[in-house]
Amino acid sequence: NNLYRSGNSADEFRLIQEVDNNEWIDYFEEPLFEELGLFGSIPDAPIGDFLEGSILHPAQFGVAYLRNILYLSDFNKFHVWPSEYTIEFADEIKAIMLSGNTIIVFSGESVFGVSGGSPASLSKYLLSNTAPLLNKLSLSRIGNRVFYTSTDGLMMISSGGVVNLTKNHYTRNEWSDLNPSTFYSKVADDSLFLE
């Protein structure tokens, strides 16, 4: 005779109301046993700030970030972001990008990969600590390859790791003279254009 609702984790339920008969209509006059947020367990931040730059993983869970924490939603429940489905980074996250099943995380001066098919069991690993993202507007993707501008050149992330595509064409000083922090990228016909 009790009415429950899912709470903030994948298998938690909270008592909403004790029901005396076979039905209960909420007229919003009686207080609930425990107040619940309207949008599940979204972190305490303006919703626009939290969802800016969010992506949908191919396994059908949401991926978002706020400050230095990567948040993962429950499968197909984009209002439930369990606290146990978080991954913390040492530095603030600048941007995230998807490459196949791998979430590319640009955090501080480093680039990380977060791989797996379940938000409950993802593995985090370092891709580079020498090629930071200069401008998130330079991020682009062709297939499963991710491109971005860094201090040393135009970088590509693929299954082979992080590669500097412009190392044979520009020295670090020549690349720096181009002011790569102002570049933004566009993709057309499987080609990358930097402006």
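User: In this model, is aspartate 152 buried or exposed, or partly exposed?

Analyst: The model is predicted. Exposure is read from relative accessible area, where buried means under 20% and exposed means over 50%. Aspartate 152 has a relative accessible area of 26%, so the residue is partly exposed.

User: With which residue does aspartate 152 form a salt bridge?

Analyst: A salt bridge is read from the distance between a Lys or Arg side-chain nitrogen and an Asp or Glu carboxyl oxygen, with a cut-off of 4 Å. Here the partner of aspartate 152 is arginine 172, and the closest N and O atoms are 2.9 Å apart.

User: Which parts does that pair tie together?

Analyst: Arginine 172 belongs to helix H2 (residues 172–177), while aspartate 152 sits in the loop between strand E12 (145–149) and strand E13 (154–158), so the pair links parts that are 20 residues apart in sequence.

User: How many salt bridges does the structure hold?

Analyst: There are 2. One of them joins glutamate 195 to lysine 186, with 3.7 Å between the closest N and O atoms. Glutamate 195 is partly exposed at 46% relative accessibility, and lysine 186 is partly exposed at 43%.

Terms used
Residues are numbered from 1 along each chain as its sequence is written. This is a predicted model: local features need pLDDT of at least 70, side-chain atom pairs count only at pLDDT 80 or more; totals for chains, interfaces and linings use all residues. Side-chain values use heavy atoms; hydrogens and water are left out. Helices (H or I, at least four residues) and strands (E, at least two) are DSSP runs, numbered from the N terminus. Buried means under 20% relative accessible area, exposed over 50%, partly exposed in between (1.4 Å probe, protein chains only).
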